[in-house]
Amino acid sequence: MKKLIQFGCLLATAVCFAFNAEAKPLKVNMGYIFTTHHTPFIAAMSENENFEKFGVHLESVVPKQKYDLYQAGKRLARLNIVVSKSGSETSTLFAQNRLDIGLASITAMLTGIDRGNGVKILCPTHVDGMGLVFPKGSKIKGWDDVSAVIESSKQPVKVGYHSPTSAPRMVIEGALRQAGLTVTQDFSQQDADVLLVDLKSTSNLIPALVSKQVDCWVGPAPYPEVAEIKGVGHIGLDLRNLSPQGQWHNFPCCVMAGTERMIAKHPEVVQALVQLMTKSAAWCNEHPAKVAQIMANWIGVPAEAVKRSSIIYTTEPTEHWKQGVDMFLDMLNSMDKFKAKLKDKNLSQIEDVVFDFRFTEKNN
């Protein structure tokens, strides 16, 4: 009888433990930014249980704030959603141990890794989707027109950007220098071809153009498209068409990154999130009209601006994509942005330091 009672107590304890484990799932802090560059994650939250057919999906606990992550019918974690204002803020949140997984520009993540954030880049979230915008009424179209305007100008052409380490700024500066044009941030250097102007935020892009603070600006989707729709700007160049032609296609921009601690302790959760992003990216490419409406409802951007975007959603780190990362490393080093792990390094020297692509290899 005593053994039976002991067995009953053990069984009850096991049941209680199992219940509590189910009631208190692993908590994961996941960050993203209100941008169309993070559309696959936003779509996964918006569609949530509609993605169950993909074998991995989210279930809403508190809309836009908390979601349970499921894979093959099993709950793996509860995601606490953190909205960042920029890639640099995301990097800071990683440094403060307030994020486990985050979406941001690859340049911000590389800078954070150099400073010892203890994160790895897990996969891209998209490629392309960056534009050079001139005032309304401009007839500039394509690289030849852009370079002709710069070369004929008697003073530096002022090109605005929203963040010092943003992908659009890196791409335009890299292309201009490669074309043999002189680029500066020093307002006193009047013999330069291009003067880069830090506008501090994407919210300042359109006002800076209207007020003629800059001659043009470079920015990520959907801001170039929004400028056209609002009738204040003209997209003179999609950055994928910079010279030399083809080099800037499928160029890196935003990525998903995770802490080394998260990757080591909960690889099954990381795997599921990469799988979710992969499935959602493909779905987003296939359903542009639906995606446009989701983004219009979620972040307030005009649906038409989303439709016009040249973004391609993908989690595949192709060799061409890696070559772009190598170029970013070179540019960030030339700007003296790296002080430690990545200083004076090329990608072949630090690939294992910045990437952990084992999870993409199981999906792509």
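Is R177 buried, partly exposed or exposed? R177 comes out as partly exposed, with a relative accessible area of 45% (buried means under 20% relative accessible area, exposed over 50%, and partly exposed in between, using a 1.4 Å probe and protein chains only). This is a predicted model, where local features need pLDDT of at least 70 and side-chain atom pairs count only at pLDDT 80 or more, while totals for chains, interfaces and linings use all residues. Residues are numbered from 1 along each chain as its sequence is written, and side-chain values use heavy atoms, with hydrogens and water left out.

**Salt bridges**

- The count here is 16 salt bridges, a salt bridge being a side-chain nitrogen of Lys or Arg within 4 Å of a carboxyl oxygen of Asp or Glu.
- R177 pairs up with E173, and their closest N and O atoms are 2.9 Å apart.
- These two sit four residues apart in helix α6 (residues 167-178), so about one helical turn separates E173 from R177; helices (H or I, at least four residues) and strands (E, at least two) are DSSP runs, numbered from the N terminus.
- E351 is partly exposed at 27%, whereas K322 is buried at 16%.
- E47 forms a salt bridge with K290, the closest N and O atoms being 3.8 Å apart.
- Here too distant parts of the chain are linked: E47 belongs to helix α2 (residues 39-47) and K290 to helix α11 (residues 288-299), 243 residues apart.
- E47 counts as buried because its relative accessibility is 9%, while K290, at 41%, counts as partly exposed.
- D68, R75 and R78 are joined in a network of salt bridges.

**Aromatic rings**

- A pair of aromatic rings is described by the distance of the centres and the angle of the planes.
- There are nine aromatic pairs, where rings of Phe, Tyr and Trp (its six-membered ring) pair if their centres lie within 6.5 Å, and planes under 30 degrees apart count as stacked, over 60 as edge-to-face and the rest as tilted.
- W248 and F251 make a tilted pair, because their ring centres are 5.0 Å apart and their planes meet at 45°.
- Both W248 and F251 are buried.
- W321 and F357 are edge-to-face, with centres 6.1 Å apart and planes at 65°.
- W321 is in helix α13 and F357 in the segment after α14, so this pair ties together parts that are 36 residues apart in sequence.
- W321 is buried at 1%, and F357 is buried at 9%.
- Y32, F34 and F41 are linked into a cluster by ring pairs.

**Charges over rings**

- K64 lies over the face of W298, 4.8 Å from the ring centre (a charge sits over a ring if NZ of Lys or CZ of Arg is within 6 Å of the ring centre and within 35 degrees of the ring normal).
- R169 lies over the face of Y161, at 4.8 Å from the ring centre.

**A look at S309**

- S309 is found in the loop between α12 (303-308) and β15 (312-313), and at 18% relative accessibility S309 counts as buried.
- Setting aside neighbours within four places in sequence, S309 is in contact with A221 and E225, contact meaning heavy atoms within 4.5 Å.
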